[in-house]
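Colleague: Could you take a close look with me at one part of this model? I would like to start where the two chains meet.

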Amino acid sequence: MPEAATAVKTVELKILRYRPASDERPAFGSFKVPYTEDMSVLEALQTIKDTLDGTLSFRWSCRMAVCGSCGMMINGKPQLACNTLLRNLPPGPVTIEPLNNFPIERDLVVSVGDFVKKIESIYPYIIPKEPKTVAEGPYLQTPAQLAAYESFSDCINCMLCYAACPQFGENPNFIGPGAMALLQRYNGDSRDGGQQKRLDTIHGEDGVWSCTAVGYCSEVCPKQVDPANAVNQNKTNSAFDFFLRFLRPGGAR
Amino acid sequence: MSQFVQEKRSISPLFWLPFGAGGMLSALFGPALILITGILAPTGFLLPQSFESYDHARAFAQNPLGKLVLLAIIALFLWHGAERIFLTLKDMKAGPLLNLKYATYGVAAAVTVVTVLLLLAVGF
């Protein structure tokens, strides 16, 4: 890059820092980095880490909105740092904070343990209706059957929807939008027979019923998974299950 | 996956189903009702003379099918509104949850009961 003789354009980033060994509470630190037209927020953070402060901590991996590692609050909105270009942000300093509603581990790194437990709790794998041997061949699926769940399989577990969800902010036990999208990915799969098992994990107040249909989760989703739709479909399913359980043998729980 | 304790079943479906049904009904019939009862009827525009007559309305309310329509329209609209307003007030932390429930579900329940009683009172 040719060095301009005139003043280099810079951008200021105000980053919420927290180093558990030395800081009593999180506080903002300010950094100025050289600005280019094609710079993402992630690149700006990497520039800071490489040239200004090597202690700045943040998660990242793929740089192309596939891995879901670099979710953070950018100007107060949950976004992927790699997917957010500085030129698309309003002029002036850019505020960067760790994802809302999660405990901070260090700087922009949040604790994801509870989220992973939620993902595990909804049986995130296909439970075949009837087991088949290899000799019996694969489980076939029509394009229409694939379309029924395909969009929900696009989730990259970036947790932006959890940072957007006011109900998850109120009640960290709420199963939340992302896990509900994953649940619908399997419940909507024609090869799967685990629907009832999964419905049983979400029929409580901390399950699907904590949602108040705010819809911000779907708005911030970088992969257009529409978790709010998954939640809504499962409100319907869970509501029918509320009454249909009386018709199942031994199902009135 | 035995480490996950199954949560107690919520009774929310009892409130959510009328909410959903009311939402469907209000989307389908709400605009038409506003047009007919709010604009066309008071101005006498496009409607037959008999539409506004007391006898006509009374006959509608006395018909068993008419009663069912009136109950569904009045009660389910209210349960829909009650749930939506309750969740909004809850999100806004407008007060203790029990009070908010009385102010929303309570009103819907009371009006439902009154509607049933009135529909029975007008006779068949």
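Colleague: How many residues does the contact take from chain B, and how many from chain A?

Modeller: Happy to! This is a predicted model, where local features need pLDDT of at least 70 and side-chain atom pairs pLDDT 80 or more, while totals for chains, interfaces and linings use all residues. Residues count from 1 along each chain as its sequence is written, chains are lettered from A and ligands numbered from 1 in the order written, and side-chain values use heavy atoms, without hydrogens or water.

Now to your contact: chain B gives 18 residues and chain A gives 28, where contact means heavy atoms within 4.5 Å. The two chains bury about 2100 Å² between them, 57% of it on carbon and sulfur atoms; buried area is the accessible area (1.4 Å probe) lost when two parts are put together, summed over both. Two salt bridges link chain B and chain A, each a side-chain nitrogen of Lys or Arg within 4 Å of a carboxyl oxygen of Asp or Glu. R9(B) pairs with D241(A) in a salt bridge, with the closest N and O atoms 3.1 Å apart.

Within chain A, domain 1 covers 3-110 and domain 2 covers 113-244, with bounds from an automatic or database domain assignment. About 1100 Å² is buried between these domains of chain A, 67% of it from carbon and sulfur atoms. P78(A), N101(A) and F102(A) supply 44% of the area that domain 1 buries there, more than any other three residues. The count of salt bridges between the two domains is zero.

In chain B, the axes of helix α3 (residues 64-91) and helix α4 (residues 97-121) come within 9 Å and cross at roughly 175 degrees. Therefore α3(B) is roughly antiparallel to α4(B), a label for angles over 145 degrees, with under 35 roughly parallel, 65 to 115 roughly perpendicular and the rest oblique. Axes are lines fitted to C-alpha atoms, for helices over the stretch in contact, with angles from 0 to 180 degrees between N-to-C directions. Helices are DSSP runs (H or I, at least four residues), numbered from the N terminus. Helix α2 (residues 54-62) of chain B comes within 5 Å of α3(B), axis to axis, crossing at roughly 90 degrees, so α2(B) and α3(B) are roughly perpendicular.

Conventions: Helices (H or I, at least four residues) and strands (E, at least two) are DSSP runs, numbered from the N terminus.
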